[in-house]
Amino acid sequence: MVGAVEEAQLNRLENQVDNGGGGAWEYLCLVRKLKVRRSEKVLKHGLSILNDPKQRSKLGGEEWTLYEQVAIAAMDCQCVDIAKDCINALQRKFPESMRVGRLKGMLLEARGSWKDAEVAYSSLLEDNPLDQVIQKRRVAMAKAQGNISGAIECLNKYLEIFMADHEAWRELAEIYVSLQMYKQAAFCYEELILCQPLVPLYHLAYADCSAAIAQLSKGRNKEDKDSSELHTLAAKTLEKEYKQRSLTKLPLLTATLRNLKLPS
Amino acid sequence: MGGELRYEIGQNAYIKLVLHALKHKTSATNGVLLGRLVDEDLVQISDSVPLSHSQIGLLPALEIALLQIEEHFGAQGLSIVGYYHANERYDDFDLGSAARNIGDHIHRYFPQAAVLLLDNRKLETLSEGKDRSPVVQLYTRDATRSWKQTGSDGNSRLTIKEPSANIVLLDYILSEKWKGIVDFDDHLDDIGKDWLNPDLFK
């Protein structure tokens, strides 16, 4: 989850690189740090660095991290051949590596050979049973094959061992929401808020879940037990914001607030 | 009432929904269809509003979006006539439970409501340029109160108003027009963004 400041910085760098202004390596590092999914751009710019021998030698040891990043981006964009080339290069450099083994498993996944990928991951897990990334790949495979209940089961087992993995809790919460299992999703969001109380997204999502539960169980008659001052304040702030930034929508906003029975 | 109910979708509405799905390739997307009932057996879908691309099962955002959309388009004489959905996975051709529930809700207000599901296989073969039929599947509610896919027996009940819509769509895809489309989620993040997308087709 990316904050507004980081997203603005990322977009600025992206525009700069797209328009030929250089800074591709900084962009790729930022994408890696923020863990965002911008595979087409990563593929384009990463390949331009890798195919240029001068730029590649400037990177030194970081070259291999770039190979890994480009391989994953290529698989996301379904350019399986490019991914294969990157993985082969990594294999030559690090023959017995677990990380490269993982990439090979992901390549099998990208091709749709689910059984082979499962075999590859199981053998890697035998040597290293506590590898988080591989266990999560198995959940991803179940989800990709449409086996949502299998994915939930796997993810629950994973979370019993690795309780502090907030990304996994988030994924589980989103799966529950997509299945409209709001109580379970609310539980996941509670865990997330306990781990990371300062992330507003989790509070908002938890509020949405609770609202959904309340709406479905009590019907449309919501009692306004909270103080109405908060509602009035919120409505006033919203109106001010809309006046400044989206004037055409202001009548819509007032109508919506009226319909939701909030004072405006 | 003679004959089956037919649906005609305008080019703008059709293109908006496909571009919305293309902008968020890694998640499910959805939106509402707006239009009116004409002549008792034809539903004209003239516009669409993209709703969200994340956490589709959550209700409060949906409720607010529907209120605002009804308010805005009611003034123009249009009402919500349907709902569209695009699944997260490429090979998922089922209408999920969230989509069915939202469809049921819309059906309560507009009994001839339609649900459109993006057909990824057809979208992929669009670039071959031969097919003029829409890249979506039409679901309507039959007597058993469940959503059934129509058109699989050969006669298509969904037509696009402008026959060259697929060619225009292909052109937009190649020029990456989807970057400019704004949905309700984007509006809630930054209210300066307009979910009406007034400048998209200029």
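The model is predicted, so local features need pLDDT of at least 70, side-chain atom pairs count only at pLDDT 80 or more, and totals for chains, interfaces and linings use all residues. Residues are numbered from 1 along each chain as its sequence is written, chains are lettered from A in the order in which they are written, and side-chain values use heavy atoms, with hydrogens and water left out.

**Exercise 1.** Work out how chain A and chain B meet.

*Solution.* Start by listing who takes part: 34 residues from chain A and 27 residues from chain B are in contact (heavy atoms within 4.5 Å). Next, look at the area: the two chains bury about 2,500 Å² between them, 53% of it on carbon and sulfur atoms (buried area is the accessible area, 1.4 Å probe, lost on being put together, summed over both parts). In chain A, Q180(A), K249(A) and L252(A) lose the most area to chain B, together 21% of what that side buries. Finally, check charges: the rule finds two salt bridges across this interface (a side-chain nitrogen of Lys or Arg within 4 Å of a carboxyl oxygen of Asp or Glu). One of them links K143(A) with E88(B), whose closest N and O atoms are 3.4 Å apart.

**Exercise 2.** Find the strand partners of β6(B), residues 136-141.

*Solution.* Take one side first: five bridges join β6(B) to β5(B), residues 114-118, running antiparallel (strands are DSSP E runs of at least two residues; two strands pair if DSSP finds at least two bridges). Here A114(B) partners T140(B).

Definitions and conventions. Helices (H or I, at least four residues) and strands (E, at least two) are DSSP runs, numbered from the N terminus.
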